[in-house]
Amino acid sequence: MKSFVHRGQITKVVFGSGTRSRVPAEADALGCRRVLILCTPGHVSRAAEMSELLGGAAAGTFPEAAAHTPVEVTERAVAYARAVGADSVLAMGGGSTVGLGKAIALRTGLPQLALPTTYAGSEMTPILGETEGGRKTTRRLPEVQLRTVVYDVDLTLSLPTTVSVVSGINAMAHAVESLYAQDQDPVAFLMAGEALDALTRALPVVAQRPDDAEARADALYGAWLAGTCLGTVGMALHHKVCHVLGGAFGLPHAETHAVVLPHVVAYNGPAAPEAMARIAQALPGTDAATGLFDFAGRLGAPTALRDLGMPESGVAQAAELVAQDAYWNPRPVDPGAVRALLTRAWAGEGPVTSSGSELSRVGSFIEHSTTTGVHHA
Ligand code: NAD
């Protein structure tokens, strides 16, 4: 018998095509009468369309959402929210815009709604990453969980193919790490597997025909499930590595996930056989890590950290940073192992799945390890 704890979600989810027309009713159901719309500078026209739909319930638009949620942007947004008397926020965009909504909610207590336009999944999590003075910190805060998420597939049709692919693989990374999470539960396992099935089915079609509404719906469905997993169970080595690479070298978020994932899966494979079997079910092939590497390659995703602007000299530094304050991981983490996998990821080489004998050798290290269990995105 397996014991487990499952944390249910409080977020209401509306999913479909044309569902943005339901945002005024959803806002009204939450008692929101002055909705502040958030977006990135490139999405002002979409925000204007939403403002028109909201009519008298639109309090204004703040179009300055930026990557990694800089605190100075949040402070300007909070001042604007107060100036226009906003009683709620509506994030229209990807993870950066949703992050701004959460940061505002943390400081003001305003309820949040979102219309996600990428596959990042942040809208389903209580996780907030913020940047101040060049340093990004990530926290789990129940008070930043969104109240209502309206997925409108139509809004994702314009997501460029290259962004769609890496954003989709970013979602797959949430699902993969949920399969072997420390606090894994059967519901999260089911959702993660279903997310992988949907995303591996949809992304090749999206890469060929970005306007295929069915494939877009499948991808968004997978991204929702993967985001829910991310919000439900703790992440491990893969997310820690990507967090370090983004923070220390400014590497782009989704692209970094796409490069690193097969290598961490290869490393964790011997310690997480059930997860590997589920990944291989979604991506039949020689093994889970190779399946992920080949899948990303077929879709034209980046495969080398050096192509994302990482200096070779950064590999050793990143390995130290990862091992210094490691998240819980199914397989113990030491700087040498991380350096080895990052060296391959830096050069764009395929993943190397370690043998069981290597695992038992590293396994003996665990008894002396002081790594701590932390849950982060
Ligand atoms: P993003 O929100 O920065 O969007 C990427 C770019 O795509 C932006 O320029 C945006 O304007 C554009 N874009 C978005 N949707 C579009 C559409 N439909 N059509 C055309 N262009 C579109 O990127 P992202 O990958 O969605 O999010 C990354 C950020 O989210 C990172 O800061 C990451 O840390 C954070 N994140 C947080 C969590 C969490 O749970 N807290 C989860 C995942 C990601």
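A residue counts as near a molecule if one of its heavy atoms lies within 4 Å of it. In this predicted model, local features need pLDDT of at least 70 and side-chain atom pairs pLDDT 80 or more, while totals for chains, interfaces and linings use all residues. Residues are numbered from 1 along each chain as its sequence is written, and side-chain values use heavy atoms, without hydrogens and water.

Let's start with the ligand. Around the ligand sit 21 residues, and the closest are G95, S96, T117, T118 and T125. By type, this shell holds six nonpolar, twelve polar and three charged residues (Ala, Val, Leu, Ile, Met, Phe, Trp, Tyr, Cys and Pro count as nonpolar, Asp, Glu, Lys and Arg as charged, and the others, Gly among them, as polar).

| Residue atom | Ligand atom | Distance |
|---|---|---|
| H43, polar side-chain atom | oxygen | 3.4 Å |
| T117, side-chain N or O atom | nitrogen | 2.6 Å |
| I127, polar backbone atom | nitrogen | 2.8 Å |

On its own the ligand has 860 Å² of accessible area, and the protein covers 81% of that (areas come from the Shrake-Rupley method with a 1.4 Å probe).

Now for charge pairs. Side chains of opposite charge can pair when their charged atoms come close. A salt bridge here is a side-chain nitrogen of Lys or Arg within 4 Å of a carboxyl oxygen of Asp or Glu, and the count comes to 15. One of them joins E274 and K2, whose closest N and O atoms are 3.6 Å apart. E274 belongs to helix α10 (residues 273–282) and K2 to the segment before β1 (12–16), so this pair ties together parts that are 272 residues apart in sequence (helices, H or I, are DSSP runs of at least four residues and strands, E, of at least two, numbered from the N terminus).

Notes:
A polar contact is a pair of N or O atoms within 3.5 Å; within protein, one must be able to donate a hydrogen and the other to accept it, and residues adjacent in sequence count only if both atoms are side-chain atoms.
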